[in-house]
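Hi everyone, thanks for making the time. I'd like to walk you through one structure today, so please have a look at it with me.

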Amino acid sequence: MGYVAIKGGGKAIAGAEKLLEFVRTRQGESAEPLDLETIENQLYFLHSRIISEGGLYHPKLASLAIKQSLGDTLEASFALRAYRSTKPRLVESPVTETSNMRVIRRISASFKDIPGGQMLGASTDYALRLMRTELLDESPEAFKAVAANWLDNNSHNEIPDTFPKVLDALREEGLLPPVDQAAAEKKPFDITREPLVFPVPRSAALSTMARSETGSILAIAYSNMRGYGDIHPTVAELRVGYLPVMLPHPITGEPIEVGEVLMTECEVVAMYEDEEEGGKPTFSLGYGACFGHNEVKAISMSVLDRALQSGMKNGPTNPSEDPEFVLLHIDGIDSMGFCTHYKMPHYVTFQSDMDRLRTTQDKHDDANQGAGNV
């Protein structure tokens, strides 16, 4: 059998594309196509994940990406990020203060009675991990009745617009270091404009983790939790809500609210470290934030942020503290591209591998034959 490089295949590729479109519509003529609003609302967590990993807050296009990719999260994120790369940057928003978030969920593992109180919000945390068989044959009437009756039975006027930050209370007690104003005023590293050349600033690490693939960042953070690290954090506050986006007015230059984005933010408190210059010891912090409602990702990001800070300061002692290892292996689109490139033709390189193997086998046979003659 011989292996040779080939060319062509355009007709076969076009046929594969048509077949994929058939798979998308194979439910039959009686079926309805997926509505973008249905994807955004009924596939809420999947939609949040795509917005986060795609790095573009565009709910409608995120739904479209899910639809055209048949639910493949990596392909959907890829399409969304590729679209973003075609758009010009017209203006930059100023730094946003997350204390202004319109909170829809807010919990803390550090105290039960936190300032403003805990607000459980919508979460799967408190549901039994059992199959809800009643949804197998859910009627449209029952589905609509839940939404129709919800606002009638609940009052939302008592919910404040914002909540105080738990970290502010800890900082007032002197348990946390003061805010580093010099670092806060630095222009953040723009990972969409500059390549990662190590060492990188913390803002580059946070930006990279904010659009990382959820499973990848969870896996590396989990290695730290399981023993390849010693962060062991406490979630000071995990909040989900809508953050106002401010832009300068085109005429007056005054900041005006142009919209809001759904975000998840997590701030963790880790064990204290001795102050090198003889100052008072304080807890250390880790921070995570990403588009959409994605709590696992925000917590994982905050754990890794703390681990990377330790690695940058003292040198990494495990993979989760190594910025180069973490930041170059958590982007789903990068890693998917490298993985799937193995499906591309490698005819020439494989031909070379086979030639080397056959030559080595011939030498092996000759050596054995020579040993037998002796």
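Which residues form a negative surface patch? They are Glu97, Asp168, Glu172 and Glu173.

Before going on, a word on the ground rules. This is a predicted model, where local features need pLDDT of at least 70, side-chain atom pairs count only at pLDDT 80 or more, and totals for chains, interfaces and linings use all residues. Residues are numbered from 1 along each chain as its sequence is written, and side-chain values use heavy atoms, with hydrogens and water left out.

Now, back to the patch. Patch members have over 30% relative accessible area and no salt bridge, with like charges joined within 9 Å, and nonpolar side chains (Val, Leu, Ile, Met, Phe, Trp, Tyr) within 5 Å. A salt bridge here is a side-chain nitrogen of Lys or Arg within 4 Å of a carboxyl oxygen of Asp or Glu. Areas come from Shrake-Rupley with a 1.4 Å probe. Asp and Glu count as negative, and a charge is placed at CG of Asp or CD of Glu.

One of the patch residues, Glu173, sits in the loop between α7 (166-172) and α8 (181-184). Helices are DSSP runs of H or I with at least four residues, strands are E runs with at least two, and both are numbered from the N terminus. Glu173 counts as exposed because its relative accessibility is 57%; the classes are buried under 20%, exposed over 50% and partly exposed in between.

For contrast, let's go to strand β1 (residues 102-107), which holds Arg106. Is Arg106 buried or exposed? Its relative accessibility is 0%, so Arg106 counts as buried. Its side chain makes a polar contact with the side chain of Glu237 at 2.9 Å. By polar contact I mean N or O atoms within 3.5 Å, one able to donate a hydrogen and the other to accept it, with sequence neighbours counting only if both atoms are side-chain atoms.

On to the backbone. Most residues other than glycine have a negative phi, and most peptide bonds are trans. Leu70, though not a glycine, has a positive phi of about 60°, and lies in the loop between α4 (59-68) and α5 (73-85). His232 has a positive phi too, about 45°, in the loop between α10 (214-226) and β2 (234-248). The peptide bond from Phe198 to Pro199 is cis, with omega near 5°, and Pro199 is in the loop between α8 and α9 (202-210).

Notes
Buried < 20%, exposed > 50% of the residue type's maximum accessible area, 1.4 Å probe, protein only.
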